[in-house]
Amino acid sequence: MKTKIGIAMAALFACSATMAQVTVLSAERLLDVRTGKYQSKPFVIIEDGKIREIVFDANKLPADAKRVDLPGHTLLPGLIDMHVHLDSDPSYGGYTGLQFSDRFWSALMVPNAEKTLLAGFTTVRNVGADAWNDVGLRQAIDEGKIIGPRVITAAYSFGATGGHCDSTFFPPSMNQKSPFNADNPDEARKRVRELRKYGAQVIKICATGGVFSRNTEPGQQQMTYEEMKAVVDEAHMWGLKVAAHAHGTAGIKDAIRAGVDTIEHASLIDDEGIKLAKKHGAYLSMDIYNTEYTQAEGKKNGVLEDNLRKDREVADVQREGFRKAHKAGVKMVYGTDTGVYPHGDNGKQFAVMVRYGMSPLQAIQAATINSAEALGKKGELGVIDSEHYADIIAVKGDPLQNVELLESVPFVMKNGVVYQSP
């Protein structure tokens, strides 16, 4: 049975890891996600939160090391989800969330972050949050005050007035709008600077309409090429990557041409868009699981019928686009849009990715080495190897034969600290 360790116990693990300095983690096998090959009977030597080396001879282990032994288990790198919304809860759709104070959502981030980490996702990219919620969460996790994954923060996502990233559910008398709307290239540049100033580590824009906004359609382009190019040029100058919410065909292609690093959703991508993604090296982050939850649970959660309609219309088209893009060799990362469906269920997308054309290894690579490269953190994350962060998960069995094992992860280590163990 799993042991889920609370904040106090995790702090104790962290303290003991610091005092012990060296930990040895052993298991039945280790998956090298670069090659798809298993390494038998590994000993992973961990020091100060990083992997010092991997050996296969027990006689070479440090004599005073703390031991963590996982017989019958397979070690994998900590998983990476490139598209989450930790201050969202799918239980409250449509207008039902208005019954709560603004700070309700920042409080929900705390258990959502813990659920995500205990699901085996040791790094996430939070691509859009209200009121700097994700920045505060990241700081609290980094300070050891709460449990959660490594969080790459976008803070506010932004786009055109009246677009998917704006506030679209209210009448003019309420004067609700995003404080970061950008309606020309100069405004777009300024938004990048403002967001970076207060904690954005990645810039997220809305290039097209979306499913869960009102009075927008997924296929509509809502930022011009010039506006997106200004965002990309400014962000790249500051060393930041750019993610673009882009369902629609034209918006996808202009985002790729503008130099956007990752295309989120990519639901209506066409053959030309696939060729452009390959040519420019853009990554696709396609959330091809969550519609199953939305269609089953959305209505009772308060999601409006118009939003359910849009979700139905893009679901199968997006999945077939995923199949075509993968077959064409486009670079793919693992992005789920959790918050649209429950946090902690991030791993349920693996099986759907395999159903639509990936091998289990390719799906795992999307959530490890591919995502690490897309984050600009190759050499730090995504692989169990020396000098990488000791972000390691384990499952009992062979995930290359049964990728659904990643839906329930019994062992989770982040930065050399054990947060969950069988």
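Guide: In this predicted model, the protein chain holds 12 helices and 17 strands, and its C-alpha trace spans about 70 × 45 × 45 Å along the principal axes. A compact globule of 422 residues would have a radius of gyration near 22 Å, so the 21 Å of the protein chain agrees with that expectation. Within this chain, domain 1 is made of two segments, 23-78 and 383-420, whereas domain 2 covers 79-375. The C-alpha centres of domain 1 and domain 2 are 30 Å apart, and the contact draws on 25 residues from domain 1 and 25 residues from domain 2.

The size of an interface is often expressed as the accessible area that is lost when the parts come together. Here domain 1 and domain 2 bury about 1900 Å² between them, with 69% of that area on carbon and sulfur atoms. Alongside this carbon and sulfur share, the interface of domain 1 and domain 2 has one salt bridge. R150 and D391 form a salt bridge in which the closest N and O atoms lie 2.5 Å apart. Counting polar contacts between domain 1 and domain 2 gives six residue pairs, both residues of each being at pLDDT 80 or more.

On the side of domain 1 that touches domain 2, at least two residues each come from strand 6 (66-77), strand 16 (411-414) and strand 17 (417-421), and strand 16 gives the most, with three residues.

Technical notes:
Residues are numbered from 1 along each chain as its sequence is written. This is a predicted model: local features need pLDDT of at least 70, side-chain atom pairs count only at pLDDT 80 or more; totals for chains, interfaces and linings use all residues. Side-chain values use heavy atoms; hydrogens and water are left out. Domain bounds come from an automatic or database domain assignment. Contact means heavy atoms within 4.5 Å. Buried area is the accessible area (1.4 Å probe) that two parts lose on being put together, summed over both. A salt bridge is a side-chain nitrogen of Lys or Arg within 4 Å of a carboxyl oxygen of Asp or Glu. A polar contact is a pair of N or O atoms within 3.5 Å; within protein, one must be able to donate a hydrogen and the other to accept it, and residues adjacent in sequence count only if both atoms are side-chain atoms. Helices (H or I, at least four residues) and strands (E, at least two) are DSSP runs, numbered from the N terminus. The radius of gyration is taken over C-alpha atoms; the globule rule is 2.2 Å times the number of residues to the power 0.38.
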